[in-house]
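The structure is shown first.

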Amino acid sequence: MLQLATRGYYIATVHRVVNASTTKTRYSVPLFWNPRLDAEIGSVELPPTLRWDRPPPLTDSLTHGGTNRFLPIYGDNAFKSLARSHPRVTQRHHADLRVASNGQFVQREHDY
């Protein structure tokens, strides 16, 4: 969410576990704190003098080359992330929806 709210200034950390030992078992217990699904999250206003180490985004609400729009309701963003990460699950359980090229959810058109 912070990556989206800052238009990509802060980048989400890739989270993974690597067991460097071949003789010891490693356990990882991640903790993700999330707000209520109906929480409204605003954009973070960054100072205009803030230096970017990469090109800034072209618009205020898009990241990932225009394919991931920031939605103000946390639950909408969480559902969008799930659908983008697991398209087969989304198709199976939400066959009436599809993810548009800009990251928005739209109703599928049905041939009746």
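Helix α2 has 12 residues, and the distance from its first C-alpha to its last is 17 Å, close to the 16 Å expected at 1.5 Å a residue. The model is a predicted one.

**Helix α2 and Lys-80**

Which residues of α2 are buried? They are Tyr-74, Gly-75, Asn-77, Lys-80 and Ala-83. The elements that cover these buried residues include α1 (2-5), β2 (68-69), α3 (87-93), β3 (97-99) and β4 (105-107). As background to the helix, residues three or four places apart point the same way, because an α-helix has 3.6 residues a turn.

Lys-80 belongs to this helix, which covers residues 74-85. Although buried, Lys-80 has no salt bridge. Lys-80 does have a polar contact of 3.1 Å, which joins its side chain to that of Asn-77. Asn-77 is itself among the buried residues of α2.

**Salt bridges**

Side chains of opposite charge can pair when their charged atoms come close. How many salt bridges does a search of the whole structure find? The search finds 2. In one, the side chains of Asp-38 and Arg-36 meet with an N to O distance of 2.8 Å. Asp-38 is partly exposed, its relative accessible area being 49%, whereas Arg-36 is exposed at 62%. A salt bridge also links Arg-51 and Asp-53, where the closest N and O atoms are 3.0 Å apart. Arg-51 is exposed, with a relative accessible area of 62%, and Asp-53 counts as exposed at 62%.

**Aromatic pairs**

A pair of aromatic rings is described by the distance of the centres and the angle of the planes. The whole structure holds 2 aromatic pairs, listed here with their geometry.

| Pair | Centre to centre | Angle between planes | Type |
|---|---|---|---|
| Tyr-9 and Tyr-10 | 5.1 Å | 90° | edge-to-face |
| Tyr-9 and Trp-52 | 5.1 Å | 85° | edge-to-face |

Tyr-9 and Trp-52 both lie in the loop between α1 and β1 (62-63), so their pair ties together parts that are 43 residues apart in sequence. Are Tyr-9 and Trp-52 buried or exposed? Both are buried. Tyr-10, by contrast, is partly exposed, with a relative accessible area of 45%. Ring pairs join Tyr-9, Tyr-10 and Trp-52 into a cluster.

**Arg-98 in strand β3**

Arg-98 is placed in strand β3, one of the elements that cover the buried residues of α2. At 38% relative accessibility, Arg-98 is partly exposed. Ala-83 is one of the buried residues of α2. With neighbours within four places in sequence left aside, which residues does Arg-98 contact? Arg-98 is in contact with Gln-104, Phe-105, Val-106 and Arg-108.

Notes: Residues are numbered from 1 along each chain as its sequence is written. This is a predicted model: local features need pLDDT of at least 70, side-chain atom pairs count only at pLDDT 80 or more; totals for chains, interfaces and linings use all residues. Side-chain values use heavy atoms; hydrogens and water are left out. Helices (H or I, at least four residues) and strands (E, at least two) are DSSP runs, numbered from the N terminus. Buried means under 20% relative accessible area, exposed over 50%, partly exposed in between (1.4 Å probe, protein chains only). Lys and Arg count as positive and Asp and Glu as negative; His and the chain ends are not counted. A salt bridge is a side-chain nitrogen of Lys or Arg within 4 Å of a carboxyl oxygen of Asp or Glu. A polar contact is a pair of N or O atoms within 3.5 Å; within protein, one must be able to donate a hydrogen and the other to accept it, and residues adjacent in sequence count only if both atoms are side-chain atoms. The expected span of a helix is 1.5 Å times one less than its number of residues. Contact means heavy atoms within 4.5 Å. Rings of Phe, Tyr and Trp (its six-membered ring) pair if their centres lie within 6.5 Å; planes under 30 degrees apart count as stacked, over 60 as edge-to-face and the rest as tilted.
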